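The entries follow the order in which I looked things up.

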Amino acid sequence: MSILIDRSTRVVVQGITGREGSFHTEQMQAYGTNVVAGVVPGRGGATHLGVPVFDTVSDAVVATGADCAFIIVPPPFAADAIMEAAAASVPLAVCVTEGVPVHDMIRARAVIDASSTRLVGPNCPGLLTAGECKVGFIPNHVARPGKVGVVARSGTLTYEVIQGLSQAGHGQTTAVGIGGDPVLGLTFTDVLDLFREDDATRAVVMVGEIGGSDEEAAAELIAAGYPKPVVAFISGRTAPPGKRMGHAGAIISGNTGTAQSKIDALTAAGAVIGDTIEDVVRLVGERVGAPSGR
Amino acid sequence: MKLLEYQAKQQFAKAGITIPAGRLARTAEEAEAAARELGRVAVKAQVPVGGRGKAGGIAVVDTPEQARAEAGRILAMDIKGYPVRSVWCETGLDVAHELYCGVTLDRDRRRMVLMLSGAGGMDIEQVAETRPEMIAKLWPDPFRGPQAYEIRQLAFTALRAVPALADRTGRLASALVPLVQTLYRLAVSLDAVTCEINPLVITASGDLVAADGKLEVDENAEYRHRDLAAELAVDALGDDGASGDDPFEVEAKRRGLTYVHLDGDVGCIGNGAGLVMNTLDLVKAAGGEPANFLDIGGGARADVVRNALDMVLSDPKVRGVFINIFGGITRGDEVARGIIQARDELGITKPLVVRMTGTREEEGRELLREAGIVPGVSAVDAARQIVELTRQGE
């Protein structure tokens, strides 16, 4: 069991012939992801990396039954690609593009909200169901199957947590990198809701960072009664106010969005906080029991 | 990309929003000439931070001689670290009342929010905190934009909270419709994350005039506004060619690096914003003070790593550098090559601690070992190590 993607997921890659698109499609194929199509306007009819290329997402969906769009296109085209996926009613769109203008994302998000499509990203590493399927660029070798769900705003910290858990023998169900932009698709609360319904997931690791109030919203959801243990980690504890720390969303403005306010809210809600990734791994171990066999 | 007050006002004026008559002056003589032309003026420091009035960066003068003297004084000032390079000389308004009107990103709602308040002026942030009901809000549909009836609703909500305006609420609401629509369209067309008029003055004769403004353009959208960026860059330059920003951050931007300058002495480099933030936290937890945030991003090649090290070490306060790499798209061997190259070519003698894991970690570590740099595996240990090394000799 897992959330959002598994071995039956059929992926269409928007931007499959680009340098990054090609590289990560090959990586996904190597992981076992069932890539069924690519989309590049004007390249319809071609074959790339062993899959048919179409001019439009809608053509690709009709011809191949794709049910997940992996969007890896340059920033000026990202919002449009998201809206195209939504218009083709693809159930899940994953956009890894970094640097999408925020007004573009506001429009794309409005389209997503009015559609049946779920969006992960943009500016995220994508997601991975251990041993079954990955959409995005979480490194292939770090994850192993198990019973811990992971949801994180930061890409590299997603890898850190997965690797730490794997090395300690705590495998994962699905790891979702939701991304660090101020306007994005799935948030912590959305992913926590999905993990709630997934029987295989016994505990959730949540990796937040400064800026915004999505972690506080997650705390509210946990406080209202969450059936699984949540171990949280917040980066940016020492970041000064008013300085944007790389991610467009990672900025403390006024008194909101500080690491402490997030840690306080999560602690009060009943989540446990790890001060370091090592702590997080240990705390997970205490909650899910002995490591599963290697 | 933050615009200065006069740059924001020029954008407002171009869009059709009334602003007071004004002239830009870069010297005391130019300010004198502006006052001769305009009469009684306010001489206002042009800096990209708030609080300049309280810092003494605004003076109201009656004569050209006074304008010259005050401009001379203000142009010699440094406000919150920003040297004043120009002043905006502007005619005063006959103020009947001050409103606030702004468009900004509301990340919780994933939309822009339009805000209007009858309590405009310097203390709007305090109003927002203590009397939030004084600020009316609207989250326009991003495709339709704010409709006239929505703006009227917003206006009536905001203005009814101000008894002094009771006799003209209807007239004001009608006048605000086109102004608010213009401001919202301007925000969208410029990809602004903040576009506000504060105060929006109601003059004695009943006109609405933008007396001060703030405009910040989304960095991700700068590619759509190259002309504006070039225009602003020219304007922001003083005689010495530097803008008001932190000189290290300006240099980093020129080099294409994501860098934030901090106060400490431990240089920090990593791949990925979250990882670097965590790196700073680890250094601090180990008793050190980070000198900077530097994210080399995903897939960085050797030359980017060399560039990053050179940048971090250009800060003379830096006593050593912690490089924290978790390779995903980034390859350990590329990073290692960059580090070794930088050390040899730049003659780095200060301590370097490298923690390396992920893609091609073994190859990377081997290269480092061969070059005499001991790679760490645990980020926590590496943080302790760099703090120890940089504390030696204190």
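How many residues does the contact take from chain B and from chain A? I counted 48 residues from chain B and 56 residues from chain A, contact meaning heavy atoms within 4.5 Å.

I noted that this is a predicted model, in which local features need pLDDT of at least 70, side-chain atom pairs count only at pLDDT 80 or more, and totals for chains, interfaces and linings use all residues. Residues are numbered from 1 along each chain as its sequence is written, chains are lettered from A in the order in which they are written, and side-chain values use heavy atoms, without hydrogens and water.

I then looked up the buried area (accessible area, 1.4 Å probe, lost on putting two parts together, summed over both). Chain B and chain A bury about 4,000 Å², with 60% of it on carbon and sulfur atoms. Of the area that chain B buries, B:Arg107, B:Arg110 and B:Phe326 supply 20%, more than any other three residues.

Next I checked salt bridges (side-chain nitrogen of Lys or Arg within 4 Å of a carboxyl oxygen of Asp or Glu). I found three between the chains; one of them joins B:Arg110 and A:Asp214 at 3.0 Å, N to O.

Last, I turned to helices H2 (residues 28-38) and H3 (residues 64-75) of chain B, whose axes come within 8 Å and cross at roughly 145°. I took helices as DSSP runs (H or I, at least four residues) and axes as lines fitted to C-alpha atoms over the stretch in contact, with angles from 0 to 180 degrees between N-to-C directions. Residues making this contact include B:Ala31 and B:Ala35 of H2(B) and B:Ala67 and B:Ala71 of H3(B).

Key: Helix = DSSP H or I, 4+ residues; strand = E, 2+ residues; numbered from the N terminus.
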